[in-house]
Amino acid sequence: MTSQPTTATALGPVARTQGRQHAPPRVSFEFSPPKTPEAEEELWRAIRRLEPLAPSFVSVTYGAGGSTRERTHRTVLRMLRETRLAPAAHLTCVDASRSEVDEIVRDYWNAGVRHIVALRGDPPGQIGGAYSPRPDGYANATDLAVGIRAIAPFELSVALYPQVHPESPSLEHDIDVLKAKIDAGATRAITNFFFDVDGFLRFIERIRRAGVTIPVLPGIMPVSSYKGLRRMAEANGVVLPPWLGRLFDGLDKDPETRRLIAASVASEMCARLQEEGFEDFHFFTLNRADLVYAICRVLGVREIAS
Ligand code: FAD
């Protein structure tokens, strides 16, 4: 099997017409805390558009710095108050003492949040830079997961890297870290974005062979700006396959076609993963609903009446 898709058409409907019927997948959506009042309006328009698709959960990322963090808390609590969504709050070990993190965890539990995405985080302003934990802080996601579980029985998700974490010496090391996070209470792994489906499937086979049984949600990045994607990929140690660049080649001034291609590529990836038995997809929305909504429609996900 090659890692090269033959066309940019969505395989979802094709697969269905060829008689390989799949139930619509379960979906979850990741958002980021908004930086401005305008961005907040855009975020909430996206949340309202995607909410009727009844995602299993929605998650809100966590940055560095007090005001960014405050916006994460506010967004999560507003989701809880004003929507039917089940929010998952991302939380990191960066630049905070154990007691500061514990207080946030307790506040979330008391407010009714039941799901945390436990992460180590990166040094502020320096993804991929050398990380040194605060002496009075949690050292890594494993340590954080233990701390969270000691406070309350949260549902815990953790991060996983199909192309190996940029700081990791090997895939075996990543698998050991994942197992440690599971021992610490993680019940689900969400992967970083990727585009090489065959490589992803080999990765999954390796972790299953190593005895990992928790659900792994493929992280799907439907991105219509190839330049932006390249920046994100470099920062995250993700290698983009050459065929992807070729699809966007010469389209810098044609956002409409880029969007159609982005929806098509992501739909095709999800359809292929469904063929391989994946029933859950986690979408990095970048706070926009349109592409994710279209991809969900292609996959058969429909609105649920309130
Ligand atoms: P860890 O799992 O802690 O692993 C990092 C390193 O710590 C390991 O390579 C290992 O060397 C060491 N380590 C961990 N556990 C052990 C152990 N038990 N024994 C020995 N060594 C250990 N970042 C943010 O800042 N905010 C976010 O909201 C955010 N959301 C993300 C969502 C997803 C789906 C993904 C995939 C990543 C996200 N990140 C986020 C990025 C993440 O914080 C970085 O990739 C970070 O560099 C590693 O975080 P981690 O939780 O995977 O680290």
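Select Asp198 and Arg272 to begin: the two form a salt bridge (a side-chain nitrogen of Lys or Arg within 4 Å of a carboxyl oxygen of Asp or Glu), and their closest N and O atoms lie 2.8 Å apart. This pair connects distant parts of the chain, with Asp198 in helix α7 (residues 197-209) and Arg272 in helix α10 (residues 255-275), 74 residues apart. Helices (H or I, at least four residues) and strands (E, at least two) are DSSP runs, numbered from the N terminus. Asp198 has a relative accessible area of 8% and is therefore buried; buried means under 20% relative accessible area, exposed over 50%, and partly exposed in between (1.4 Å probe, protein chains only).

The model is predicted: local features need pLDDT of at least 70, side-chain atom pairs count only at pLDDT 80 or more, and totals for chains, interfaces and linings use all residues. Residues are numbered from 1 along each chain as its sequence is written, and side-chain values use heavy atoms, with hydrogens and water left out.

Next, select Glu155 and Arg188, a salt bridge whose closest N and O atoms are 2.6 Å apart. Here too distant parts of the chain are linked: Glu155 belongs to strand β5 (residues 155-160) and Arg188 to strand β6 (residues 188-193), 33 residues apart. Glu155 is partly exposed at 31% relative accessibility, whereas Arg188 is buried at 14%.

Move on to Glu303 and Arg297, whose salt bridge brings N and O atoms to 3.1 Å at the closest. Glu303 is partly exposed at 35% relative accessibility, as is Arg297 at 33%.

Finally, select Glu40, Arg48, Glu51, Arg78, Arg81, Glu82 and Arg84, which a network of salt bridges links together. The structure holds 24 salt bridges.
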